[in-house]
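Welcome to this short tour! Open your viewer, get ready to select, and follow along stop by stop.

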Amino acid sequence: MFTHTLGFPRIGQQRELKKSLEAYWKGEIAEADLQATARELRERHWRLQQQAGIDFVAVNDFSLYDHVLDTSVMLGAVPPRFAVGSTSATLAIYFRMARGEAAIAPLEMSKWFDTNYHYLVPEFSRGQQFSLQPQKLLEELAEAEKLGLRAKPVLLGPVTYLKLGKSVEPGFDRFAHLDAIVAEYEKLLRKLDGKVQWLQLDEPALVLDLSETERDAYEHAYRRLRAAAGQTKILLATYFEALRDNLELAISLETSALHIDLVRAPGQLQEVARRLRPHQSLSLGIVDGRNIWRVDATAAMATVQAARQWLGSDRLMIAPSCSLLHVPIDLSFETQLDPEIRSWLAFARQKCQEVKFLADAAEQKIDTVFLAENRVAWSSRRSSVRVTNPSVRQRTEKITAAMSHRTTPYTERKVKQQARLKLPLFPTTTIGSFPQTTEIRKARSEFNARKITREQYVALMQESIRLSVDRQHELGLDVLVHGEAERNDMVEYFGQQLEGICFTQQGWVQSYGSRCVKPPVIYGDVSRREPMTVGWTRYAQSLTSKPMKGMLTGPVTILCWSFVRDDQPRRDTCQQIALAIRDEVSDLEHAGIGIIQVDEAALREGLPLRKAEWDDYLAWAVECFRLSTSGIADETQLHTHMCYSEFNDIVPWIAQMDADVISVEASRSRMELLEAFERFKYPSDIGPGVYDIHSPRVPSAAEIESLLTLALEVIPAERLWVNPDCGLKTRGWPETMASLRNMVEVARQMRALRA
Ligand SMILES: Nc1nc2c(c(=O)[nH]1)N[C@@H](CNc1ccc(C(=O)N[C@@H](CCC(=O)N[C@@H](CCC(=O)N[C@@H](CCC(=O)O)C(=O)O)C(=O)O)C(=O)O)cc1)CN2
Ligand code: MET
Ligand SMILES: [Zn+2]
């Protein structure tokens, strides 16, 4: 029985990679400096794993930006717009694919399964050529070996890779490239033969609903890969869900080992063990790689013991459930956490130690100190007064159906709201945040370090709010926002103020590229201590006679972007958050705020991976949104925002959220999503984003106009709003002003045409 990891965080305890990347992009450091940081991080992370007792460390899990992008580069799948006539990517080409450049649009970004990690979507076209570029993998392998480590290279498997990509030509089936892609994997396998004992191929797509084509692709691809593997043993890694109807398929691929997620899907163990071929080993993903709770050692030992009885030690491996990419690196840096709560947690490094403990325990080498500590922590967590709050329990029991219904229909509300707000046709607004400048972050970091006082901090944030209000006046926007300067992050900000949630000092998790988040930890019943946004919003409203939108993050998004307790159903936790947000909505309304936006950016990402479970989730998620928002008067306009464009399947549910206005990402898909809104007769106002906020590129007035013209084909003028795709916190002020100036100008012209 050996221990291994499927992958480790890359960003670094102090976000060294982020800082290095951003300095490199600004031209402040050279490529060699960036590569040196990357090498140092790899070495440090391998050593951490080795010292924790991991036998086989993952290699090639590191990435300068994204592992799916790395796979594209490894296969020579570089679309021609990034590198005319070349299939091998230099670092400049690599970052061009990730971030775009001047007139070159980057690869699209998409959610990695149901996580808050974003990958770069591979693009496939007819006649595309592939050519193996194995340098990165081979170099990192050599690095690990030089350090005397046992290395297991990790690669995204060919079928999941294809499935995650998109065809850039309409009607082209990207699976037509399967053979060509598998041929490159075969070349790599031949190179690795004799060099490594194990190769991990990640095929998380095996937990999704698969088409016949995709199932055939698996059989075909793995028949060839097996034949090319030589002495290398292939570990087929699945995670995030149960294999279910794909179990027989996964086993029939006849790889030397199969990894399964026993955290998300503990129930599958026995069936998998029963069906496994005699020559196959099983990797037990038993330590949660997606969440920060300490493993329940007693329960996990029993599971490993059962697996051992069915399969014998020789056929078992112990591992985290998935790559540790989704958790912070090391709990020992968290010195400010409440000690009791801290004792319930484990980050990547501690999870490696848990893996080692479980493997030893299965061989009767029980670390009794470790086990005793674990049991103390768990009994404290099960009985702690910090977890259960009777008043929250009483309140949720008293929730009535009426609390999640606005009694007046949208059409009547609209008349009342218009009488109050007097908005022009094609009202212009933004999604909430304005640039988070260095000064803003510096002020916050000095406040946190007690270098400036609360009064000084508040004054600095008010200055930022005033500046953003002034600039919005200058631009002539119709509905203003305060700009969210005081928020480190739209979820963490609320997490820091709610009871039952705690936050870390350094618990950074990569979201995309160099961007990170510190997900709050929801450990107990959630409630609101006091108003969280009213002071800032009231101040912002005092600076203008135009409507100021109150800005809140919705319950589903707070849930999805936090580490969530695993001792009660997610829906129960979400309902508690909904009540807290409901109180905030009410307080904003009483402070005279006439428009309130409740962002549900993560509503779609919370969808279960299997379609059969969608309706169940959507029903409670939408209900929680409604619970948080339905307490308001007809005259208060309710907005929501979602920043993704694949709406096709869920528009009827979004309609049920019963917001008065929704803003959505739409520019990159050229308003395509609006077709679904039309098809399902979406009833209320829509602000389809008129420009992409992910790059500093300034959209021309002509581009914005052409998008709005497309929008008008499906949305009546009196229901159309004009806004960007999403918030502007990652942008700089110069491009923000230039872009919004064009946007407002177009709205004015369109109004004039209709006057
Ligand atoms: N939670 C979450 N998930 C999301 C999104 C989101 O906004 N939030 N948006 C989508 C895309 N994902 C994103 C994730 C992160 C960021 C982002 O901008 N993150 C910032 C960090 C934001 C933050 O927490 N900022 C803190 C800490 C800032 C900081 O780095 N401070 C310096 C000191 C600064 C100084 O002295 O100059 C330090 O700690 O070293 C603050 O403002 O207080 C970053 O990586 O740069 C953007 C989008 C989907 N998922
Ligand atoms: C990721 S959705 C962001 C919504 C938030 N109100 C903002 O503008 O930043
Ligand atoms: Zn957004």
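Begin at ligand 2, which has 13 residues around it; the closest are Ile-431, Gly-432, Ser-433, Ala-601 and Gly-727. A residue counts as near if its C-beta atom, placed from the backbone, lies within 6 Å. This is a predicted model, where local features need pLDDT of at least 70 and side-chain atom pairs pLDDT 80 or more, while totals for chains, interfaces and linings use all residues. Residues are numbered from 1 along each chain as its sequence is written, and chains are lettered from A and ligands numbered from 1 in the order in which they are written.

Next, select ligand 1. Which residues come nearest to ligand 1? Among the 20 around it, they are Arg-441, Ser-445, Asn-488, Ser-511 and Arg-515. Helix 17 (438-448) gives the most to this shell, five residues; helices (H or I, at least four residues) and strands (E, at least two) are DSSP runs, numbered from the N terminus.

Now select strand 20 (residues 661-664). Are its residues buried or exposed? Val-661 and Ser-663 on one side, and Ile-662 and Val-664 on the other, are all buried (20 or more other C-beta atoms within 10 Å of the residue's own, with C-beta atoms placed from the backbone).

Look for His-641 opposite Ser-663. On the other pairing, four bridges join strand 20 to strand 21 (residues 685-688), also parallel. Finish at Val-664, which stands opposite Pro-688.

Notes:
Buried ≥ 20, exposed ≤ 12 C-beta atoms within 10 Å, placed from the backbone. Pairing = 2+ DSSP bridges.
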